[in-house]
Amino acid sequence: MSPEEAVLRRLRAEIENELGRLAQLRVDAAGAPRTIDSYSVRARGSILHDLYTGVEHVFTRMAEELDGGLPRGDAWHSQLLRSMTLEISGVRPRVVTPDLGGRLCDFLGFRHLFRTIYGDELDIERVSLLEARLPETLDDFETQIRAFLDWMTEPLQD
């Protein structure tokens, strides 16, 4: 096995592991109490925060191994997400569709907010809206990532 093949196999294994963790978030979100007390809202916000953190872990590993590294500067998180919606000629196809990228941008924005305010300042309506979008967003993310992984490791199939 060549070093390049080993890198692709390791990358796939790391991403599959992350997809498993995201699947557990779906279970956690479905079981979270839908009350509006501060403790519940904070816990639900944490699940939404973790969702985008997991997505970004996948994108970060892809950028490091396939794209030549992470974007630089203060807006690197947004740039990384945007780059995953683009085909890079001679390198890779787009990882996710622009539609999914837009939906993930909402989760990225929430994660930023979650990190910069006190938990009692979370807007229950925003939390509820994102929770409602979580299952479909995770379904689409998993489908599109698995399609990308198939493209990435297709040459390795015997």
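Trainee: What covers the buried residues of α3?

Mentor: The cover includes α2 and α4 (98-116). Keep in mind that this is a predicted model.

Trainee: Which residues of helix α3 are buried?

Mentor: α3 spans residues 76-84, and Leu80, Leu81, Ser83 and Met84 are buried there. Seen down the axis, the buried residues of α3 fall within an arc of 165°, so they line one face of the helix.

Trainee: How do I read the span of a helix? Take α2: what does it reach from its first C-alpha to its last?

Mentor: Compare the span with the expected value at 1.5 Å a residue. Helix α2 (residues 38-66) has 29 residues and reaches 42 Å, close to the 42 Å expected. Just after α2, Gly68 takes a positive phi of about 90°.

Trainee: Now salt bridges. How many does the structure hold?

Mentor: The general idea: side chains of opposite charge can pair when their charged atoms come close. This structure holds 17 salt bridges.

Trainee: Which residue forms a salt bridge with Arg146, and where do the two lie?

Mentor: The partner is Glu16, with the closest N and O atoms 2.6 Å apart. Arg146 sits in helix α5 (residues 124-153) and Glu16 in helix α1 (residues 3-31). The pair links distant parts of the chain, 130 residues apart. Arg146 is partly exposed at 29% relative accessibility. Glu16 is also partly exposed, at 26%.

Trainee: Take Glu56 and Arg111 next. Are they buried or exposed?

Mentor: Glu56 counts as buried at 6% relative accessibility, and Arg111 counts as buried at 3%. Their side chains meet in a salt bridge, 3.1 Å from N to O. Glu56 lies in helix α2 and Arg111 in helix α4, so the pair ties together parts 55 residues apart in sequence.

Trainee: Loops can be read in this way too. Where do Arg92 and Asp67 lie?

Mentor: First the contact: their side chains meet in a salt bridge, 2.8 Å from N to O. Arg92 lies in the loop between α3 and α4, and Asp67 in the loop between α2 and α3, so the pair ties together parts 25 residues apart in sequence. Arg92 is buried, with a relative accessible area of 3%. Asp67 is partly exposed, at 24%.

Trainee: Which residues are linked in a network of salt bridges?

Mentor: Look for Arg10, Glu14, Arg61, Glu64 and Glu65. Salt bridges link them in a network.

Methods: Residues are numbered from 1 along each chain as its sequence is written. This is a predicted model: local features need pLDDT of at least 70, side-chain atom pairs count only at pLDDT 80 or more; totals for chains, interfaces and linings use all residues. Side-chain values use heavy atoms; hydrogens and water are left out. Helices (H or I, at least four residues) and strands (E, at least two) are DSSP runs, numbered from the N terminus. The expected span of a helix is 1.5 Å times one less than its number of residues. Buried means under 20% relative accessible area, exposed over 50%, partly exposed in between (1.4 Å probe, protein chains only). The arc is that of the directions from the helix axis to the C-beta atoms. Contact means heavy atoms within 4.5 Å. A salt bridge is a side-chain nitrogen of Lys or Arg within 4 Å of a carboxyl oxygen of Asp or Glu.
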